[in-house]
Amino acid sequence: MKRLILIPLALILLCCAPFLIFAEGETDRVQPAPVPEQAKQSVSAPFDTRTTLCVLTDGGVRKMSLEDYLVGTLLAEMPADFPAEALKAQAIASRTFALRKAETGKHIGADVCTDFACCQGWREDGTAEEIARITQAVCDTDGLVVTYEGALIDATFFSCSGGKTEAALAVWGSDIPYLQSVDSPGEEDAPRFTDTVIFSAEEFADQISKICPDANLSGSPVNWIGEISMTVGGGIDTVFIGGVAFKGTTLRSALGLRSTDMDFAVTDSEITVTTRGFGHRVGFSQYGAKAMADSGSDFAEILTHYYPGTEIKKLLCIKQSSFTSV
Ligand SMILES: [Zn+2]
């Protein structure tokens, strides 16, 4: 079974030289291969319907068109009542994310999975109105992807940033030119813009001890938290707790917090942690996209804001051999 199938065959053969072929006039960096007249007629079919993905779902691997995959992904990843330009931006980000993920061959026997934490969410259930709005956004952006220097970007996205996105370097340790910290105003309406978690001193000490038994958490909690250094995106880079330095990302994971953008309020018996934003905060902010769309920005303005230095291009085809066959 082929994991990613592009039809017709003429297109597959056409794709054997460069990895990506973009539509003419859509690029000033990538020089597309000449497209024969016969192939030009073939590529008039929507890219998303002639591209097939093998998707690892809870019920096993399912083969589906990229269009069907993206409709299910948007149903799972963004509220369908978001403005049309935000939905289009999400469709382009999700298309880019999926095609790049398929290229990496992370999954055996599938191009992508439906786990939010690994690839992207996906679901089939939705109202007719939701499906119609999302399908429109997918179709309106058929074949469009986000590129940096001619390659698909790692189109990471998240719910809301708390006002400023985070750089990839601060979260994953890799400095990626298009994943830098940018302002993300207007997210205050997001249901998870801020969150407060109260830990008893014992609960907090237990969680910290699990990841570092060497932390000295004796005495009053007011003395436990020491020097804090911040990332450019407003998150905690490192924080000293009980004399031990913890990365903000480690602390977020250990305490089950929504974000590394956090403040502490400590008493003799409790540690209250207030977070801003939800998710890793790297890349495309969904509620930031909503705010930009509400202010009149289109999908291209939204995407190039959150992925600075990138370009939006229309894919004609992808080299089939870039995707592992099983
Ligand atoms: Zn996955």
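E149 sits in the loop between strand 6 and strand 7 (151-152), where helices (H or I, at least four residues) and strands (E, at least two) are DSSP runs, numbered from the N terminus. The model is a predicted one, in which local features need pLDDT of at least 70 and side-chain atom pairs count only at pLDDT 80 or more, while totals for chains, interfaces and linings use all residues. Residues are numbered from 1 along each chain as its sequence is written.

Most residues other than glycine have a negative phi. The phi of E149, however, is near 50 degrees, a positive value in a residue other than glycine. R281, which lies in the loop between strand 14 (270-276) and strand 15, also has a positive phi, near 70 degrees.

M230, in strand 10 (residues 225-230), counts as partly exposed because it has 15 C-beta neighbours inside 10 Å. Leaving out residues up to four places away in sequence, M230 touches G235, I236 and D237, a contact being two residues whose C-beta atoms, placed from the backbone, lie within 7 Å. The C-alpha atoms of M230 and A170 are separated by 9.5 Å, although these residues are 60 apart along the chain.

Turning to the whole protein chain, the secondary structure comes to 11 helices and 16 strands, and buried residues make up 46% of the 326 residues. Among contacts between residues at least 6 apart in sequence, 70% join residues at least 24 apart.

A nonpolar core is a set of buried Ala, Val, Leu, Ile, Met, Phe, Trp, Tyr and Cys residues joined through C-beta atoms within 7 Å. The largest such core has 60 residues, of which L74, I92, A93, I302 and L303 touch the most other members. Helix 5 gives the most to this core, with 10 residues. Apart from it lies another core, of 10 residues, including I208, I236, L251 and V273. As for A93, its contacts, not counting residues up to four places away in sequence, are V146, A155, F157, F284 and L303.

Which residues of helix 11 (residues 299-306) are buried? They are F299, I302, L303 and Y306. Seen down the axis of helix 11, these buried residues fall within an arc of 90 degrees, so they line one face of the helix; the arc is that of the directions from the helix axis to the C-beta atoms. The buried residues of helix 11 pack against several elements, among them helix 5 (84-104), strand 6 (144-148) and strand 16 (311-318).

Helix 5 also packs against helix 6 (residues 128-140), at an angle of about 60 degrees and with the axes 8 Å apart. Here axes are lines fitted to C-alpha atoms, for helices over the stretch in contact, and angles run from 0 to 180 degrees between N-to-C directions. Helix 5 and helix 6 are therefore oblique to each other, since angles under 35 degrees count as roughly parallel, over 145 as roughly antiparallel, 65 to 115 as roughly perpendicular and the rest as oblique. The contact is made by A84, L87, K88 and A91 of helix 5 and by R133, I134, A137, V138 and D140 of helix 6.

Note on methods:
A residue is buried if 20 or more other C-beta atoms lie within 10 Å of its own, exposed if 12 or fewer, and partly exposed in between; C-beta atoms are placed from the backbone.
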